[in-house]
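Please look over this model with an eye to helix packing and charged side-chain pairs. The notes below follow that order.

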Amino acid sequence: YLRHKRFSHLVHVTPPDDEAKEAIIRSKLKEVLLIACAYKLRHSDINLADLVQISNIGLMTAVDKFDADARVQFETYLNYWILEAINKEFTQGEKNG
């Protein structure tokens with residue numbers, strides 16, 4: 001509960017400073033790894049390290065763009081941006097390769 005309360009406070013800092021952003025990113029690395037691993041299970045031809053790196057880009061985008069006043073939970077927003085980053089990367093790869 002205490003960890004959740006601290007996270008909620010960090011997300012609602014307006015605007016979040018660099019320290020708050022870094023704390024949010026660190027607190028969500030496990031979720032990033034879980035999403036990347038789940039994606040890897042469905043797409044075995046993709047390197048897990050690449051998926052994690054791209055997912056981290058999605059995490060940073062979510063932290064930068066999140067609006068605490070919007071009626072969306074951060075986790076929902078995070079999942080969207082991680083999958084958006086993955087899909088964008090591999091869609092571009094298919095077009096270029």
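The model is predicted.

**Helix α3**

Start with the geometry. Helix α3 runs over residues 29-42, which is 14 residues.

Next comes burial. Glu31, Val32, Ile35, Ala36 and Tyr39 are the buried residues of α3. Viewed down the axis of α3, the buried residues fall within an arc of 135°, and therefore they line one face of the helix. Lys30, Leu34 and Leu41 are exposed, and they sit on the face of α3 turned away from the buried side.

**Salt bridges**

How many salt bridges does a search of the whole structure find? The search finds 4.

| Pair | Distance |
|---|---|
| Lys21 and Asp64 | 3.1 Å |
| Glu22 and Arg26 | 3.3 Å |
| Lys28 and Glu31 | 3.5 Å |

Take the Lys21 and Asp64 salt bridge, at 3.1 Å from N to O. This pair links distant parts of the chain. Lys21 belongs to helix α2 (residues 18-27), Asp64 belongs to helix α4 (residues 48-65), and the two are 43 residues apart. Lys21 is partly exposed, at a relative accessible area of 22%. Asp64 is exposed, at 51%. The cut-off for exposed is over 50%, so Asp64 passes it.

The salt bridge between Glu22 and Arg26 has its closest N and O atoms 3.3 Å apart. Both residues are in helix α2, and they are 4 residues apart, so about one helical turn separates them. Glu22 counts as partly exposed, with 46% relative accessibility. Arg26 has a relative accessible area of 52% and is exposed.

Is Lys28 buried or exposed? Lys28 is buried, because its relative accessible area of 11% is under the 20% cut-off. Lys28 forms a salt bridge with Glu31, with 3.5 Å between the closest N and O atoms. Salt bridges that share partners join Lys28, Glu31 and Glu75 into one network.

Key
Residues numbered from 1 in each chain as written. Predicted model: local features only at pLDDT ≥ 70, side-chain atom pairs only at ≥ 80, totals over all residues. Heavy atoms only, no water. Expected span 1.5 Å × (residues − 1). Buried < 20%, exposed > 50% of the residue type's maximum accessible area, 1.4 Å probe, protein only. Arc of directions from axis to C-beta. Salt bridge = Lys/Arg side-chain N within 4 Å of Asp/Glu carboxyl O.
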